[in-house]
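Hello,

Here is the structure I promised to pass on. My notes on it follow below, so do have a look at both together.

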Amino acid sequence: MRTDNFLSCLVTLNLSEEKLSDSQASLQRLNNKVVQRWLDESDQGCVYFSFGSMTRIETFPKHILDAFYKSFANISPVRVLLKIAKPEELPPSLPSNVMTQSWFDQIQVLKHRNVKGFITHGGLMSIQESVYYEVPMVGIPLFGDQPSNVANCVKRQIAIKVDVQDISEESMTDAILKILRDSTYKEAVQKVVKKWLDESTQGCIYFSFGSMTRIETFPKNILDAFYRSFGNISPVRVLLKVAKPEELPPGLPSNVMTQSWFDQIQVLKHPNVKGFMTHGGLMSVQESIHYGVPMIAIPLGGDQHQNVAACVKRHISIKIDVQDISGESLTDALNKIVKDPSYKEAMQRVSYEFKDHLRTPLETAIYWTEYVARHGKYSLKLPAFYLPWWQASLIDVYCFVITILVSGLSISILLLIKVYRILRMRPTSHSSTRKEKNK
């Protein structure tokens with residue numbers, strides 16, 4: 001089933017348009033090798049600087065660019081990778097310890113052992129990746145959710161904030177050196193969630209409704225019910241994923257940790273996580289099954305209802321409808337998930353079935369990707385791709401079926417007319433008797 005799904009995805013993609021030309025691919029490989037070598041040789045450390053794809057650093061005022069230049073020079077021999085859309089538009093005198101490119105593979109950069117810091121605008125994805133790869137940040141928020149994202153990171157001592165209006169040689173140099181030299185920032189990134197989970201000896205419940213649902217916008221009576229149930233299950237702890245924790249009402253129990261993002265896989269695989277409170281999204285259900293964590297599901301819309309119904313049927317989830325949410329119903333469901341071993345045992349059986357296949361999903365993806373590389377871009381295209389539009393749309397089949405139906409109907413009508421005429425021409429016994437009397 002998964003292989004078929006993967007194949008259908010590959011077929012859907014127009015590989016001839018997506019695939020890089022040979023020259024582009026060669027250039028990208030060369031750039032990756034250059035960056036890899038630069039990072040490997042950055043024995044004193046390297047700072048990655050990126051403001052995402054929407055902000056063009058080269059358009060910043062000259063005094064801000066000068067402050068960046070001087071701070072980069074001040075931290076030498078620490079090196080800097082500077083992502084910038086058009087490096088040729090930068091003013092001259094870029095320090096020699098800086099490499100610029102219009103694009104870097106951010107994941108590969110952040111996971112490199114020599115990358116010691118990340119200068120970012122505080123975009124959500126950048127922060128998530130930085131936290132995941134344990135790289136402390138210097139946050140310079142510009143707009144949108146960036147100020148609140150950076151504020152949350154500063155609160156947890158995994159970032160230093162520098163406001164745009166405060167950018168100077170001194171402020172930038174000081175912030176970068178703190179990130180590089182003060183081990184508490186690195187340790188905070190590594191330990192902030194792990195420590196909480198490790199110390200959750202009575203168990204921990206992970207609560208997330210995905211990235212599209214903002215829990216802090218729920219009605220007050222529902223939030224109050226959540227708060228009461230969390231307090232009732234103490235000393236069991238709760239990890240609560242909420243986009244803007246500062247918008248939650250006061251009174252959050254002390255056994256709850258909130259963050260705007262958690263590494264869901266790392267959380268679910270932790271041995272102290274006993275349950276997952278979810279909206280029943282497909283990916284969340286799959287990850288929960290994979291790591292064997294039973295669920296308390298509150299479906300909200302879409303396919304979530306049928307996903308949750310299937311889980312309840314397998315005894316791996318407890319369902320609570322939104323209109324039935326109360327402190328009592330939530331507390332009862334949470335206690336069942338934590339204390340009733342039947343849910344965990346059922347989930348372990350389902351998890352074993354779910355993972356029992358020839359190849360892992362990653363191996364399957366790699367195999368079919370390499371298959372296309374070996375046999376060419378047309379190797380997985382369906383024969384229908386080469387059919388004329390009227391055949392691909394089954395117009396010929398529809399015409400054939402309609403012809404058969406019309407022909408059958410016509411023949412039936414003609415037969416009925418024939419039978420009717422025969423019956424009409426056949427004399428009745430009554431009319432024959434009258435004719436004999438008249439004679």
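**What turned up**

Of the contacts in the protein (heavy atoms within 4.5 Å) between residues at least 6 apart in sequence, 61% join residues at least 24 apart. Please bear in mind that this is a predicted model, where local features need pLDDT of at least 70, side-chain atom pairs count only at pLDDT 80 or more, and totals for chains, interfaces and linings use all residues. Numbering starts from 1 along each chain as its sequence is written, and side-chain values use heavy atoms, with hydrogens and water left out.

The protein has 19 helices and twelve strands (DSSP runs numbered from the N terminus: H or I of at least four residues for helices, E of at least two for strands). Buried residues (under 20% relative accessible area, 1.4 Å probe, protein chains only) account for 40% of its 439 residues.

On the α4 side, A67, F68, K70, S71 and N74 meet E169, M172, T173 and I176 of α8.

Then there is S317, in strand β12 (residues 317-319). S317 counts as buried because its relative accessibility is 3%. Its side chain reaches the backbone oxygen of M295 at 3.3 Å. Beyond neighbours within four places in sequence, S317 is in contact with M295, A297, C311, V312 and Y343.

Best wishes

Terms used
Buried means under 20% relative accessible area, exposed over 50%, partly exposed in between (1.4 Å probe, protein chains only). A polar contact is a pair of N or O atoms within 3.5 Å; within protein, one must be able to donate a hydrogen and the other to accept it, and residues adjacent in sequence count only if both atoms are side-chain atoms.
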